[in-house]
Amino acid sequence: MMASAMDHLKRYELFGWDYAQHNPPSAVAIRWYLGHAARTGGPILELACGTGSLLSEFAGAGYECIGIDLSGGMLTLARERLERLPPETAERVTLITGDMADFDLGRQFPLIVLADNSFRELGTHQELEACLFCIRRHLAGDGVLLLTERRFAPASYPGGEQEWPWSEPLVDPTTGAEVRRRIRIRVHREEMRLEGVMIYHSVHPDGAEDTETLPFTSLLLAPEDYFPLFGAAGLTARLHVGYEDREDDGEERMLCFVATPS
Ligand SMILES: C[S@@+](CC[C@H](N)C(=O)[O-])C[C@H]1O[C@@H](n2cnc3c(N)ncnc32)[C@H](O)[C@@H]1O
């Protein structure tokens, strides 16, 4: 059975803190985003901003930013992150609860960012298209969209499956529980989709234990599948890899699309 949109968000609602700890942006990624911001200027719109790790970098570099995310839990974590920053930095950031495939801010931006696999949170081609149409409407005439995604590597799924072992435990900062997670993914090639579960095992301070099994699903997109989507929304994209201006070598995992209005 396919995971519904709300199932999809539940792992962020419950374990967003774990996402933030496992996925901090790398120094090379931050340099790449800030390099683009230096060329375009702000204000910057980040879609699916989550816990605000990039927003805080942009704000720290002096840019006004707006972050949109559908998960209240992730936005709470973003607010907590902002509270740890100097007030003059934090006040450059506005957080909005919203759907990246259906939003209207009534203004345009020189730089829009959709980072690190968040585009694939959208479960259908219609939603991907709707998201890019919204982006196009919000992009200034000479604006830039940065969209980064991990390459789907079929070789990582022998027999169509992959399973990761239990992670080292991390402590939930709110409950004090020790939490480990494992991930199982199955690839459905005929539907060009993958389905997975994230299993979280928590040991609470009173010794009680529980397990949450949270499903997710995602479309499988090859690098060449993105270009018609950009084109249909009135955007022209170039593909670089590895947070550098490198041409695609077919191997590097991090795909970095730089798109401008056609
Ligand atoms: C891979 S995480 C990215 C998090 C972010 N880059 C960070 O540093 O925390 C994906 C994010 O997409 C958000 N999301 C999923 N579907 C969404 C939608 N339709 N509109 C807006 N945000 C969405 C999730 O809540 C989650 O915060």
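**Entry 1: terms and model.** I take two strands as paired if DSSP finds at least two bridges between them. Helices (H or I, at least four residues) and strands (E, at least two) are DSSP runs, which I number from the N terminus. I note that this is a predicted model, in which local features need pLDDT of at least 70 and side-chain atom pairs count only at pLDDT 80 or more, while totals for chains, interfaces and linings use all residues. Residues are numbered from 1 along each chain as its sequence is written.

**Entry 2: overall form.** I looked up the secondary structure and found seven helices and 12 strands in the protein. The C-alpha atoms fill a box of roughly 55 × 50 × 30 Å along the principal axes. I then checked the radius of gyration, taken over C-alpha atoms, against the globule rule of 2.2 Å times the number of residues to the power 0.38. The protein has 18 Å, which agrees with a compact globule because such a globule of 262 residues would have a value near 18 Å.

I next looked at burial, where a residue is buried if 20 or more other C-beta atoms lie within 10 Å of its own, exposed if 12 or fewer, and partly exposed in between, with C-beta atoms placed from the backbone. Of the 262 residues, 35% count as buried. For contacts, I required that the C-beta atoms of two residues, placed from the backbone, lie within 7 Å. Among contacts with a separation of 6 or more, 64% join residues 24 or more positions apart.

**Entry 3: the two domains.** I took the domain bounds from an automatic or database domain assignment. Domain 1 covers 5-153 + 222-261, and domain 2 covers 156-219. Their centres, taken over C-alpha atoms, are separated by 24 Å. Domain 1 gives 12 residues to the contact, and domain 2 gives 15 residues. What kinds of residues make up the side of domain 1 that touches domain 2? I found four nonpolar, three polar and five charged residues there. In this grouping, Ala, Val, Leu, Ile, Met, Phe, Trp, Tyr, Cys and Pro count as nonpolar, Asp, Glu, Lys and Arg as charged, and the others, Gly among them, as polar.

Entry 4: One of the partner pairs is E161 with R186 of β8.

Strand β7 (residues 170-171) also pairs with β8 in the antiparallel sense, over two bridges. Here L170 has V179 of β8 as its bridge partner. I recorded β7 and β8 as a hairpin with six residues between the strands, and G176 in its turn has a positive phi of about 80°.

Strand β9 (residues 193-203) runs antiparallel to β8, with 11 bridges joining the two. V179 has S202 as its partner in β9, and R186 has E195. This hairpin of β8 and β9 has four residues between its strands, and M192 in the turn has a positive phi of about 50°.

I then moved on to strand β10 (residues 209-219), which pairs with β9 in the antiparallel sense over 11 bridges. E195 stands opposite T217 in β10. β9 and β10 form a hairpin with five residues between them, and its turn holds G207, with a positive phi of about 95°.

**Entry 5: strand β4 and its partners.** I asked how many residues of strand β4 (residues 109-114) are buried. Six of its six residues are buried, so the strand is recorded as mostly covered by the cut-off of 20 or more neighbours. Strand β1 (residues 44-47) pairs with β4 in the parallel sense over four bridges, and strand β5 (residues 139-150) runs parallel to β4 with five bridges. L114 of β4 is the bridge partner of L47, and L114 also has L147 of β5 as a partner.

**Entry 6: the shell around the ligand.** The ligand is surrounded by 23 residues, and the closest are A48, G50, T51, S71 and E121. The shell divides into 13 nonpolar, six polar and four charged residues. Helices α1 (5-22) and α3 (53-60) and strand β2 (65-69) each supply at least two of the shell residues. The largest share, three residues, comes from α1.

**Entry 7: T76.** I located T76 in helix α4 (residues 72-83). T76 counts as partly exposed because it has 16 C-beta neighbours inside 10 Å. From T76 to G16 the distance is 9.5 Å, C-alpha to C-alpha, although they are 60 residues apart in sequence.

Note on methods
A residue is near a molecule or strand if its C-beta atom, placed from the backbone, lies within 6 Å of it.
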